[in-house]
Amino acid sequence: MVAGIDLTIAHGEFVTFVGPSGSGKSTLMNIIAGLEEPTEGFVWIDDTNVTSESPKDRGVALVFQSYALYPHMSVRKNLAFPLEVARLGAREIRARVIETADRLGIGALLERKPKELSGGQRQRVALGRALVRRPRLCLLDEPLSNLDAALRTKMRGELKKLHEDLDATFIYVTHDQAEAMTLSDRVVVLNAGVIEQIAPPREIYSHPKNLFVAKFLGSPQINVAAPETLGLMNGAFGPVLAAIRPENICILQSPTNPRAPEGRVYVIEPMGGETWVTVDVGAARIVARAPADFTARSGSRVWLDIDESHVLWFDAKTSNRLDST
(Lines give C-alpha, C1' and ligand atoms only; values in the text may rest on other atoms or scores of the structure.)
Protein backbone atom coordinates (compact mmCIF):
# COMPACT_ATOMS: atom_id res chain seq x y z
CA MET A 1 0.00 0.00 0.00
CA VAL A 2 1.19 3.50 -0.84
CA ALA A 3 -0.38 6.81 0.14
CA GLY A 4 0.05 10.44 -0.84
CA ILE A 5 2.76 9.75 -3.42
CA ASP A 6 3.70 12.81 -5.50
CA LEU A 7 6.63 12.03 -7.74
CA THR A 8 7.92 13.48 -11.01
CA ILE A 9 10.68 11.73 -12.96
CA ALA A 10 12.40 13.54 -15.81
CA HIS A 11 13.15 11.98 -19.17
CA GLY A 12 16.45 10.10 -19.12
CA GLU A 13 16.70 9.83 -15.33
CA PHE A 14 17.73 6.71 -13.47
CA VAL A 15 15.58 6.72 -10.34
CA THR A 16 15.75 3.99 -7.72
CA PHE A 17 13.07 3.04 -5.18
CA VAL A 18 14.54 1.70 -1.94
CA GLY A 19 13.04 0.71 1.38
CA PRO A 20 12.47 -2.30 3.62
CA SER A 21 10.11 -5.13 2.74
CA GLY A 22 6.54 -3.89 2.67
CA SER A 23 7.52 -0.26 2.15
CA GLY A 24 5.61 0.02 -1.14
CA LYS A 25 8.43 -0.19 -3.70
CA SER A 26 6.93 -2.86 -5.94
CA THR A 27 3.38 -1.55 -5.44
CA LEU A 28 4.41 1.87 -6.71
CA MET A 29 6.19 0.33 -9.69
CA ASN A 30 3.16 -1.86 -10.48
CA ILE A 31 0.91 1.21 -10.45
CA ILE A 32 3.22 2.96 -12.92
CA ALA A 33 3.26 -0.16 -15.11
CA GLY A 34 -0.53 -0.56 -14.98
CA LEU A 35 -0.45 -3.90 -13.16
CA GLU A 36 -2.28 -2.32 -10.22
CA GLU A 37 -4.86 0.44 -10.32
CA PRO A 38 -4.59 3.42 -7.94
CA THR A 39 -7.64 4.11 -5.78
CA GLU A 40 -7.12 7.81 -6.42
CA GLY A 41 -4.75 10.06 -8.31
CA PHE A 42 -3.26 9.79 -11.78
CA VAL A 43 -0.29 8.32 -13.63
CA TRP A 44 1.17 10.44 -16.45
CA ILE A 45 3.80 9.28 -18.91
CA ASP A 46 5.15 12.11 -21.04
CA ASP A 47 2.07 14.30 -21.52
CA THR A 48 -0.45 11.46 -21.48
CA ASN A 49 -2.70 10.42 -18.64
CA VAL A 50 -2.30 6.62 -18.73
CA THR A 51 -4.17 5.83 -15.50
CA SER A 52 -6.89 3.90 -17.31
CA GLU A 53 -4.64 2.40 -20.01
CA SER A 54 -3.60 -1.24 -19.98
CA PRO A 55 0.08 -2.13 -19.45
CA LYS A 56 0.62 -2.97 -23.14
CA ASP A 57 -0.55 0.49 -24.22
CA ARG A 58 1.70 2.49 -21.88
CA GLY A 59 4.94 2.08 -23.79
CA VAL A 60 6.52 0.60 -20.69
CA ALA A 61 8.89 -2.36 -20.45
CA LEU A 62 9.35 -4.45 -17.31
CA VAL A 63 12.27 -6.58 -16.14
CA PHE A 64 11.59 -8.76 -13.11
CA GLN A 65 13.69 -10.59 -10.55
CA SER A 66 12.98 -13.85 -12.38
CA TYR A 67 14.25 -13.85 -15.94
CA ALA A 68 10.88 -15.12 -17.28
CA LEU A 69 12.42 -16.29 -20.57
CA TYR A 70 10.64 -18.75 -22.82
CA PRO A 71 12.69 -21.93 -22.33
CA HIS A 72 11.76 -23.50 -25.69
CA MET A 73 12.79 -20.41 -27.66
CA SER A 74 16.26 -19.35 -28.71
CA VAL A 75 17.68 -16.04 -27.52
CA ARG A 76 16.82 -14.63 -30.95
CA LYS A 77 13.20 -15.73 -30.64
CA ASN A 78 12.95 -14.46 -27.05
CA LEU A 79 14.09 -11.03 -28.21
CA ALA A 80 11.88 -11.04 -31.28
CA PHE A 81 8.70 -12.24 -29.60
CA PRO A 82 7.43 -8.86 -28.23
CA LEU A 83 8.03 -7.29 -31.65
CA GLU A 84 6.13 -10.08 -33.38
CA VAL A 85 3.22 -9.53 -30.98
CA ALA A 86 3.34 -5.84 -31.93
CA ARG A 87 3.17 -6.93 -35.62
CA LEU A 88 6.36 -5.24 -36.77
CA GLY A 89 7.77 -6.26 -40.14
CA ALA A 90 10.34 -9.06 -40.39
CA ARG A 91 13.13 -6.72 -41.53
CA GLU A 92 12.51 -4.30 -38.66
CA ILE A 93 12.40 -7.15 -36.14
CA ARG A 94 15.68 -8.60 -37.44
CA ALA A 95 17.42 -5.22 -37.28
CA ARG A 96 16.22 -4.45 -33.75
CA VAL A 97 17.16 -7.89 -32.42
CA ILE A 98 20.69 -7.63 -33.80
CA GLU A 99 21.13 -4.05 -32.57
CA THR A 100 19.90 -4.90 -29.06
CA ALA A 101 21.92 -8.10 -28.82
CA ASP A 102 25.11 -6.34 -29.90
CA ARG A 103 24.54 -3.52 -27.41
CA LEU A 104 24.14 -6.05 -24.57
CA GLY A 105 27.06 -8.23 -25.66
CA ILE A 106 24.90 -11.27 -26.44
CA GLY A 107 25.17 -11.23 -30.23
CA ALA A 108 27.06 -14.54 -30.20
CA LEU A 109 24.31 -16.20 -28.14
CA LEU A 110 21.35 -15.66 -30.43
CA GLU A 111 20.91 -19.30 -31.38
CA ARG A 112 21.23 -20.68 -27.84
CA LYS A 113 18.38 -21.67 -25.54
CA PRO A 114 18.08 -20.13 -22.04
CA LYS A 115 19.24 -23.38 -20.37
CA GLU A 116 22.58 -23.01 -22.18
CA LEU A 117 23.22 -19.56 -20.70
CA SER A 118 24.80 -18.38 -17.47
CA GLY A 119 22.80 -16.30 -14.98
CA GLY A 120 24.36 -13.08 -16.21
CA GLN A 121 23.67 -13.95 -19.84
CA ARG A 122 20.05 -14.79 -19.08
CA GLN A 123 19.68 -11.47 -17.26
CA ARG A 124 21.03 -9.63 -20.29
CA VAL A 125 18.52 -11.46 -22.50
CA ALA A 126 15.71 -10.44 -20.14
CA LEU A 127 16.91 -6.83 -20.36
CA GLY A 128 17.17 -7.10 -24.11
CA ARG A 129 13.62 -8.40 -24.44
CA ALA A 130 12.43 -5.30 -22.62
CA LEU A 131 14.67 -2.82 -24.44
CA VAL A 132 14.14 -4.18 -27.95
CA ARG A 133 10.70 -2.57 -27.87
CA ARG A 134 12.33 0.87 -27.43
CA PRO A 135 10.00 1.70 -24.53
CA ARG A 136 9.35 5.18 -23.21
CA LEU A 137 10.05 3.87 -19.74
CA CYS A 138 11.93 0.82 -18.44
CA LEU A 139 10.90 -0.59 -15.06
CA LEU A 140 13.32 -2.97 -13.33
CA ASP A 141 12.12 -4.83 -10.24
CA GLU A 142 15.15 -6.26 -8.38
CA PRO A 143 16.61 -7.68 -11.63
CA LEU A 144 20.00 -8.60 -10.13
CA SER A 145 18.92 -10.27 -6.89
CA ASN A 146 19.28 -13.81 -8.28
CA LEU A 147 22.93 -13.28 -9.25
CA ASP A 148 25.99 -14.01 -7.14
CA ALA A 149 27.90 -11.10 -5.58
CA ALA A 150 30.63 -10.86 -8.23
CA LEU A 151 28.17 -10.98 -11.11
CA ARG A 152 25.90 -8.44 -9.46
CA THR A 153 28.79 -5.98 -9.25
CA LYS A 154 29.61 -6.53 -12.92
CA MET A 155 25.99 -6.19 -14.01
CA ARG A 156 25.61 -2.96 -12.03
CA GLY A 157 28.32 -1.44 -14.19
CA GLU A 158 26.74 -2.78 -17.36
CA LEU A 159 23.33 -1.39 -16.39
CA LYS A 160 24.77 2.05 -15.69
CA LYS A 161 26.57 2.12 -19.05
CA LEU A 162 23.47 0.82 -20.83
CA HIS A 163 21.38 3.60 -19.35
CA GLU A 164 23.92 6.19 -20.49
CA ASP A 165 24.02 4.75 -24.01
CA LEU A 166 20.25 4.52 -24.41
CA ASP A 167 19.31 7.91 -22.94
CA ALA A 168 16.23 6.13 -21.61
CA THR A 169 14.24 6.60 -18.41
CA PHE A 170 14.85 3.83 -15.87
CA ILE A 171 12.94 3.18 -12.65
CA TYR A 172 14.67 0.58 -10.52
CA VAL A 173 13.43 -1.23 -7.42
CA THR A 174 15.98 -2.73 -5.02
CA HIS A 175 16.62 -3.46 -1.36
CA ASP A 176 20.38 -3.30 -2.09
CA GLN A 177 21.73 0.08 -1.04
CA ALA A 178 24.93 -0.41 -3.06
CA GLU A 179 22.82 -0.63 -6.22
CA ALA A 180 20.88 2.47 -5.23
CA MET A 181 24.04 4.47 -4.49
CA THR A 182 25.99 3.48 -7.60
CA LEU A 183 23.26 3.46 -10.25
CA SER A 184 20.92 6.32 -9.46
CA ASP A 185 20.55 9.92 -10.45
CA ARG A 186 18.04 10.15 -7.61
CA VAL A 187 16.96 7.80 -4.84
CA VAL A 188 13.39 7.56 -3.50
CA VAL A 189 13.38 6.22 0.06
CA LEU A 190 10.04 4.60 0.93
CA ASN A 191 8.77 3.61 4.35
CA ALA A 192 5.33 2.15 5.09
CA GLY A 193 3.92 3.43 1.80
CA VAL A 194 5.15 7.03 2.05
CA ILE A 195 8.19 8.80 0.62
CA GLU A 196 10.66 9.74 3.34
CA GLN A 197 13.13 11.52 1.04
CA ILE A 198 13.91 12.05 -2.65
CA ALA A 199 17.43 13.23 -3.51
CA PRO A 200 20.66 12.29 -5.32
CA PRO A 201 22.53 9.42 -3.61
CA ARG A 202 25.27 11.59 -2.10
CA GLU A 203 22.72 14.00 -0.62
CA ILE A 204 20.68 11.13 0.82
CA TYR A 205 23.84 9.71 2.39
CA SER A 206 25.33 12.95 3.71
CA HIS A 207 22.14 14.85 4.54
CA PRO A 208 19.41 12.34 5.46
CA LYS A 209 16.09 13.93 6.32
CA ASN A 210 15.53 11.75 9.37
CA LEU A 211 16.95 8.82 11.32
CA PHE A 212 15.08 6.26 9.22
CA VAL A 213 16.85 7.43 6.07
CA ALA A 214 20.18 7.78 7.87
CA LYS A 215 20.03 4.21 9.14
CA PHE A 216 18.72 2.67 5.95
CA LEU A 217 21.54 3.83 3.68
CA GLY A 218 25.13 3.06 4.61
CA SER A 219 27.07 -0.09 5.38
CA PRO A 220 28.12 -0.45 8.12
CA GLN A 221 25.07 1.37 9.46
CA ILE A 222 25.44 4.88 10.84
CA ASN A 223 26.20 5.10 14.58
CA VAL A 224 23.53 6.80 16.71
CA ALA A 225 24.07 7.66 20.36
CA ALA A 226 23.59 10.31 23.01
CA PRO A 227 26.09 13.15 22.49
CA GLU A 228 27.79 12.58 25.86
CA THR A 229 28.48 8.96 24.93
CA LEU A 230 30.55 10.19 21.98
CA GLY A 231 32.23 12.97 23.93
CA LEU A 232 30.35 15.64 21.98
CA MET A 233 29.12 19.00 23.21
CA ASN A 234 25.36 19.43 22.86
CA GLY A 235 24.37 23.03 22.15
CA ALA A 236 20.76 22.26 21.26
CA PHE A 237 17.64 22.98 23.25
CA GLY A 238 15.84 19.74 23.98
CA PRO A 239 16.90 16.10 23.72
CA VAL A 240 19.01 15.23 20.67
CA LEU A 241 20.86 12.27 19.24
CA ALA A 242 24.21 12.41 17.50
CA ALA A 243 24.90 10.26 14.43
CA ILE A 244 28.23 9.63 12.75
CA ARG A 245 29.19 7.34 9.87
CA PRO A 246 31.75 4.62 10.75
CA GLU A 247 34.23 5.96 8.19
CA ASN A 248 34.34 9.24 10.11
CA ILE A 249 35.57 7.58 13.30
CA CYS A 250 39.13 6.33 13.72
CA ILE A 251 40.30 3.86 16.34
CA LEU A 252 43.16 4.98 18.60
CA GLN A 253 45.12 2.78 20.96
CA SER A 254 46.02 5.82 23.05
CA PRO A 255 43.97 9.01 23.45
CA THR A 256 44.98 12.25 21.69
CA ASN A 257 41.96 14.25 22.85
CA PRO A 258 40.79 14.53 26.47
CA ARG A 259 37.18 14.22 25.29
CA ALA A 260 37.82 11.11 23.18
CA PRO A 261 35.41 8.40 24.31
CA GLU A 262 36.98 5.24 25.67
CA GLY A 263 35.66 1.79 24.92
CA ARG A 264 36.41 -1.90 24.64
CA VAL A 265 36.77 -3.78 21.36
CA TYR A 266 33.78 -6.06 20.80
CA VAL A 267 34.60 -7.54 17.40
CA ILE A 268 37.04 -6.91 14.52
CA GLU A 269 36.11 -7.42 10.85
CA PRO A 270 39.04 -7.25 8.39
CA MET A 271 37.84 -6.12 4.95
CA GLY A 272 41.09 -6.20 3.00
CA GLY A 273 42.09 -2.55 2.55
CA GLU A 274 40.58 -1.55 5.89
CA THR A 275 39.15 -3.01 9.07
CA TRP A 276 35.80 -2.36 10.73
CA VAL A 277 35.96 -2.43 14.52
CA THR A 278 32.91 -2.58 16.79
CA VAL A 279 33.53 -0.95 20.15
CA ASP A 280 31.40 -0.96 23.30
CA VAL A 281 31.28 2.60 24.64
CA GLY A 282 29.15 2.71 27.75
CA ALA A 283 25.77 1.25 26.76
CA ALA A 284 26.34 2.03 23.07
CA ARG A 285 27.94 -0.18 20.43
CA ILE A 286 29.90 1.91 17.92
CA VAL A 287 31.42 0.82 14.59
CA ALA A 288 34.59 2.61 13.46
CA ARG A 289 37.27 2.29 10.82
CA ALA A 290 40.80 1.12 11.51
CA PRO A 291 43.82 0.42 9.28
CA ALA A 292 44.07 -2.91 7.49
CA ASP A 293 46.80 -4.06 9.89
CA PHE A 294 44.82 -3.28 13.06
CA THR A 295 45.63 -6.07 15.52
CA ALA A 296 43.91 -5.33 18.83
CA ARG A 297 42.00 -8.21 20.39
CA SER A 298 38.45 -8.36 21.68
CA GLY A 299 38.26 -6.64 25.03
CA SER A 300 41.20 -4.34 24.28
CA ARG A 301 40.99 -0.78 25.52
CA VAL A 302 40.69 1.80 22.68
CA TRP A 303 39.61 5.38 22.10
CA LEU A 304 37.52 6.93 19.35
CA ASP A 305 38.73 9.87 17.27
CA ILE A 306 35.52 11.40 15.89
CA ASP A 307 35.51 13.84 12.98
CA GLU A 308 33.03 16.28 14.48
CA SER A 309 32.53 18.08 11.15
CA HIS A 310 30.61 15.01 9.95
CA VAL A 311 28.34 14.59 12.97
CA LEU A 312 24.63 14.73 12.16
CA TRP A 313 22.13 15.84 14.79
CA PHE A 314 18.59 14.56 15.16
CA ASP A 315 15.67 15.52 17.35
CA ALA A 316 15.29 12.63 19.82
CA LYS A 317 11.48 12.96 19.81
CA THR A 318 10.68 13.41 16.09
CA SER A 319 13.79 11.70 14.62
CA ASN A 320 14.10 14.58 12.14
CA ARG A 321 17.54 15.95 11.34
CA LEU A 322 18.41 19.31 12.84
CA ASP A 323 20.14 21.88 10.64
CA SER A 324 22.37 22.99 13.48
CA THR A 325 22.84 22.45 17.21
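Is Glu 111 buried or exposed? Before we get there, a word on the model itself, which is predicted: local features need pLDDT of at least 70 and side-chain atom pairs count only at pLDDT 80 or more, while totals for chains, interfaces and linings use all residues. Residues are numbered from 1 along each chain as its sequence is written, and side-chain values use heavy atoms, with hydrogens and water left out.

Let us start with the overall picture. The protein chain holds 8 helices and 17 strands; these are DSSP runs numbered from the N terminus, with helices (H or I) of at least four residues and strands (E) of at least two. Its C-alpha trace spans about 75 × 45 × 25 Å along the principal axes. Of the 325 residues, 47% are buried, where buried means under 20% relative accessible area, exposed over 50%, and partly exposed in between (1.4 Å probe, protein chains only). Among contacts with a separation of 6 or more, 64% are made by residues 24 or more positions apart, a contact being heavy atoms within 4.5 Å.

Gln 123 counts as buried because its relative accessibility is 1%. Leaving aside residues up to four places away in sequence, Gln 123 touches Val 63, Phe 64, Gln 65, Tyr 67, Pro 143, Leu 144 and Met 155.

Now to the charged side chains. The count comes to 14 salt bridges, each a side-chain nitrogen of Lys or Arg within 4 Å of a carboxyl oxygen of Asp or Glu. One of them joins Arg 76 and Glu 111, at 2.6 Å from N to O. This pair links distant parts of the chain, 35 residues apart: Arg 76 sits in helix α2 (residues 75-85) and Glu 111 in the loop between α3 (90-103) and α4. Here is the answer to our opening question: Glu 111 counts as exposed because its relative accessibility is 56%.

Glu 99 is partly exposed, with 35% relative accessibility. Through shared partners, salt bridges join Glu 92, Arg 96, Glu 99, Arg 103 and Arg 134 into one network.
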